[in-house]
Amino acid sequence: MNKVFLFIRVITVPHIFALLLLTLVYIVHPQYFASIWFLLAGILFLTVLPLLAYPLQKHIARYKDRGREGQRKLAMIFSSLGYVLGTAVVFIFETPLQLRMIFVEYLLCGIAILVSDKVFKLKASGHACGIVGPVAMLIYLQMYIPAIVGALLIIPVYVSSIKTKQHTPTQLIIGSAIPIIMLVIDHLIFHLL
């Protein structure tokens, strides 16, 4: 049974949900991307670059012998790099508002998880953040059917995280709250400030 929960965690890594979010938004609202090149850039910065942390862990001396904790720290570094570079690209090229909002959401969530981890010593679940964030963004973009499907996947992610002892319920709740709060801030940045 533990293998089932591990499998669920592997196939629901946050970067896969970023890929699904970008692809779904591109299919329904291609005008939010200006061109397919920005879809590809989004996939590079929000999916490919962050996922590189996992195979590269064993080749980076500082992280290769640190197990899951080393993997988590390296994934945070690669994810943060992708969020910063991606956000810079969408602003430099003045892409449509919705794409900039997606990148700012990821950037704000990355910052919030780092602050939670380093400043408050609360290990917020990146896994929960990585699924709740795209679901919240789909709702915000009025893409309700994929949002409902995504919301149904939150429960197996929670259960698998608890069963594999990767996160506590508190860490999952904090990780889930972060993208909702950051989406409100994201909206305020673009619409009220």
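Start with the largest pocket: select its 32 lining residues, of which P14, H15, Y54, G126 and H127 lie nearest its centre. A pocket here is an open set of points on a 1 Å grid over the protein atoms alone, where a 1.4 Å probe fits, with protein on both sides within 12 Å along at least five of seven lines; lining residues have an atom within 4 Å of a point. This is a predicted model: local features need pLDDT of at least 70, side-chain atom pairs count only at pLDDT 80 or more, and totals for chains, interfaces and linings use all residues. Residues are numbered from 1 along each chain as its sequence is written, and side-chain values use heavy atoms, with hydrogens and water left out.

**Stop 1**

Helices are DSSP runs of H or I with at least four residues, strands are runs of E with at least two, and both are numbered from the N terminus. Which element gives the most to the lining? Colour α6: it gives 8 residues.

The volume of this pocket is about 650 Å³. That volume is the space filled by probe spheres set on the points, with grid points joined across faces, edges and corners.

Now colour the lining by residue type. There are 17 nonpolar, 11 polar and 4 charged residues. Ala, Val, Leu, Ile, Met, Phe, Trp, Tyr, Cys and Pro count as nonpolar; Asp, Glu, Lys and Arg count as charged; the others, Gly among them, count as polar.

Select G126. This glycine is in helix α8. Buried means under 20% relative accessible area, exposed means over 50%, and partly exposed is in between, using a 1.4 Å probe and protein chains only. G126 and K3 are 123 residues apart in sequence, and their C-alpha atoms are 21 Å apart in space.

**Stop 2: the whole chain**

Zoom out and show the cartoon. Along the principal axes, the C-alpha trace spans about 45 × 35 × 30 Å. Of the 193 residues, 47% count as buried.

**Stop 3: the aromatic pairs**

How many aromatic pairs does the structure hold? It holds 4. Rings of Phe, Tyr and Trp (its six-membered ring) pair if their centres lie within 6.5 Å; planes under 30 degrees apart count as stacked, over 60 as edge-to-face and the rest as tilted.

Select Y83 and Y106. Their pair is tilted, at 5.5 Å centre to centre with 50° between the planes. Y83 is in helix α6 and Y106 in helix α7, so the pair ties together parts 23 residues apart in sequence. Both tyrosines, Y83 and Y106, are buried.

Next, select F91 and F190. Their ring centres are 6.2 Å apart and their planes lie at 25°, so this pair is stacked. F91 belongs to helix α6 and F190 to helix α11 (residues 169–191), so the pair ties together parts 99 residues apart in sequence. Is F91 buried, partly exposed or exposed? At 36% relative accessibility, F91 counts as partly exposed. F190, at 19%, counts as buried.

R100 lies over the face of F91, at 5.7 Å from the ring centre. For such a placement, NZ of Lys or CZ of Arg must be within 6 Å of the ring centre and within 35 degrees of the ring normal.

**Stop 4: the loops**

Move to E94, in the loop between α6 and α7. Its phi is near 50°, a positive value in a residue other than glycine. E94 counts as exposed, at 70% relative accessibility.

Then find K121, in the loop between α7 and α8. Here phi is near 55°, again positive in a residue other than glycine. K121 is exposed, at 64% relative accessibility.

Last, pick Y32, in the loop between α2 and α3 (36–51). Y32 counts as buried, at 14% relative accessibility.
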